[in-house]
Amino acid sequence: MSTDNSRFAEFVAECCKVLELEAPAATGDSHMFQVGDRWIELKADDSGEGVSFAAMVYMKPADTEIRADLVASFNVHYLFNGGFSLFFDTATDRLYLCRPHRLDTLEARNIREELIAFADMAAHAGTWYIRSSEEQAAGTRAALPSGETGNFIEV
Amino acid sequence: MTLPQALVDFSAACQGRFGAGTAGHNDDGAFVSIGERVVHINLDRNANRAVVWTELDRPDHAGFADLEKAAMAYSSRELVARGFVVGVNRAADLILLGRSIEQTALGNEAGLALVSDVATEAEVAAAMIAKTAAAQSNRPGGADGAAVIIHN
């Protein structure tokens, strides 16, 4: 199935203009922006109408397991609080923060603020994951009195 | 705050698309029955977004660890790129599939398509996650919980 990424390419070009960056010669379905030392990928979906932001938040060491309970509870909490989710890529052992948008609701002129806010959230999510996984060893954790399964970071 | 007009309009539009009596709404959410599945819409006011979600299951607590692993394994890059999330809420004994969209998308045909997609994707997800979780719980030396029985 061919995908029409022309709206995505147009959006990326507008963002580059706002950010005073050189527009890419060819966009394809993905473009990376750098915020500080963090890379944020904008990736078009198959419909050509959606775009997801993604940033790496954690790299799994070889001798540990990713805590599925933390990822699953983060995902339900932040689905309802901002639309963020964590995704573990088994091919690269990396944990990513993602957030989907519809292209027709994004404003290129706000891209700087969007990218900075997303990079901040990725930094917080990484810190939260590392702390939570260190504080609560898998299999030994009882439910907290509040019923929450972790100490969620604030959006 | 008055009843959000977006939810009123949305549930009315759902009645037109999915049939009379299938949809309803209250102060902070709307719902629509699509086939045997109920899809919920909740407003996420802080971020000007809306959450479209449906229950995959309300399993026994003992099976949660396997379900969480299965949910994470099911969350492929492709699924995430399409905006879908599988999450587990142990406090509510609930595993769900959902997507967060901008509230403005609720007011058009695209919004209805996004809701319909959640119902369709949930059928696939529920079956796959149940299968993976059951395989994990039956693995020698694996989970300590009883086998997970999923009803759909």
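Predicted model: local features only at pLDDT ≥ 70, side-chain atom pairs only at ≥ 80, totals over all residues.
**View 1. Residue M121(A) in its helix and among its contacts**. In this view M121(A) is found in helix α3 of chain A, a helix that covers residues 111-135. M121(A) counts as buried because 20 C-beta neighbours lie inside 10 Å. When its neighbours within four places in sequence are left aside, M121(A) is in contact with F84(A) and L97(A). A separation of 66 residues in sequence lies between M121(A) and A55(A), although in space the two are 9.6 Å apart, from C-alpha to C-alpha.

**View 2. Strand β5(A) and the strands joined to it**. Strand β5 of chain A, made of residues 94-102, is mostly covered, with 7 of its 9 residues buried. Strand β3 of chain A (residues 50-59) runs antiparallel to β5(A) and is joined to it by 9 bridges, while strand β4 of chain A (residues 85-89) is also antiparallel to β5(A) and is joined to it by 5 bridges. Within β5(A), C98(A) is the bridge partner of A54(A), and C98(A) is likewise the bridge partner of S85(A). A hairpin is formed by β4(A) and β5(A), with 4 residues between them, and in its turn D93(A) has a positive phi of about 60 degrees.

**View 3. The side of chain B that touches chain A**. Here 33 residues of chain B are in contact with 30 residues of chain A. On this side of chain B, β3, β4, α2, α3, β5 and β6 of chain B each supply at least two residues, and β6(B) gives the most, with 6 residues. Sorted by class, this side of chain B has 15 nonpolar, 9 polar and 9 charged residues.

Technical notes:
Residues numbered from 1 in each chain as written. Chains lettered and ligands numbered in written order. Buried ≥ 20, exposed ≤ 12 C-beta atoms within 10 Å, placed from the backbone. Contact = placed C-beta atoms within 7 Å. Nonpolar A, V, L, I, M, F, W, Y, C, P; charged D, E, K, R; others polar. Pairing = 2+ DSSP bridges.
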